[in-house]
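Subject: Structure handover

Hello,

Here is the structure for your files. My notes on what was found follow below it.

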Amino acid sequence: RYEKISIKDGWLYMAKPMKLDLSAIAKGFGVDELVKFLEYQGHQNLLVEIGGEVRSRGKKEDGSLWRVGIEGPSEKLGSKLVKIITLNNFSMATSGSYRNYLKLGDRVFNHTINPKTGAPIEHKTISVSVLHTYCADADAWATALMSMGAEKGLELANRNDLMAYFQVLNGKEIQKIGTKAFNKFIKKPSQGR
């Protein structure tokens with residue numbers, strides 16, 4: 001549990017030996033590191049994606065900005081885009097429940113774990129996408145907000161001026177909710193629509 005871990009003078013201390021799983025930010029961190037490496041090699045126009053976490057730099061070959069989609073749940077993965085975002089030197093990460101899950105009998109278990117209970121989350125939020133300068137930050141926020149669910153997550157995201165987009169199962173319909181900062185971001189002419 002997190003109470004047994006502390007950081008002092010740049011060192012990580014654990015009250016007892018334990019396994020730390022940093023996969024919630026690993027892909028976003030990897031994207032950021034690859035962008036740094038490519039920029040160091042002289043590349044100025046690029047789009048880096050690892051497992052759905054993405055970061056843009058510069059423009060495409062035709063001079064237009066990079067555009068990426070936010071996927072919605074569907075029978076065929078990748079076939080349903082619910083929102084297209086234009087990324088102008090920005091990152092986006094999504095945490096969701098409709099791709100990674102475990103089904104045992106009639107029960108479906110989410111892969112996102114509630115940090116308070118240690119059990120899979122059990123709420124109606126099925127996806128959270130976060131836009132941020134750094135992909136590791138977007139990745140961490142998306143996972144944290146997904147674990148909280150839309151009700152608490154929206155409150156926290158709005159309080160911290162985060163650009164987040166929630167998809168929530170409401171009966172058989174999917175409710176799509178953007179934070180104030182997200183809605184403001186996509187209304188900019190040079191940004192997402």
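**Helices on the sheet**

Helix α2 (residues 135-148) lies across β4 (53-57), β7, β10 (125-132) and β11, and runs at about 155 degrees to β10. Helix α3 (residues 150-159) also packs on the sheet, touching β10, β11 and β12. The direction of α3 makes about 165 degrees with that of β11. Contact means heavy atoms within 4.5 Å. Axes are lines fitted to C-alpha atoms, for helices over the stretch in contact, with angles from 0 to 180 degrees between N-to-C directions. Helices (H or I, at least four residues) and strands (E, at least two) are DSSP runs, numbered from the N terminus.

This is a predicted model: local features need pLDDT of at least 70, side-chain atom pairs pLDDT 80 or more, while totals for chains, interfaces and linings use all residues. Residues are numbered from 1 along each chain as its sequence is written, and side-chain values use heavy atoms, without hydrogens and water.

**The sheet**

Six strands form an open, antiparallel sheet in the order β3-β4-β7-β10-β11-β12. Strands pair if DSSP finds at least two bridges between them. β3 (46-50) and β12 (173-178) are the edges; each has a single partner strand, so one side of each lacks a neighbour in the sheet. The twist averages 10 degrees from one strand to the next. Six bridges join β11 (residues 163-170) to β12. Val168 has Gln175 in β12 as its bridge partner.

Regards
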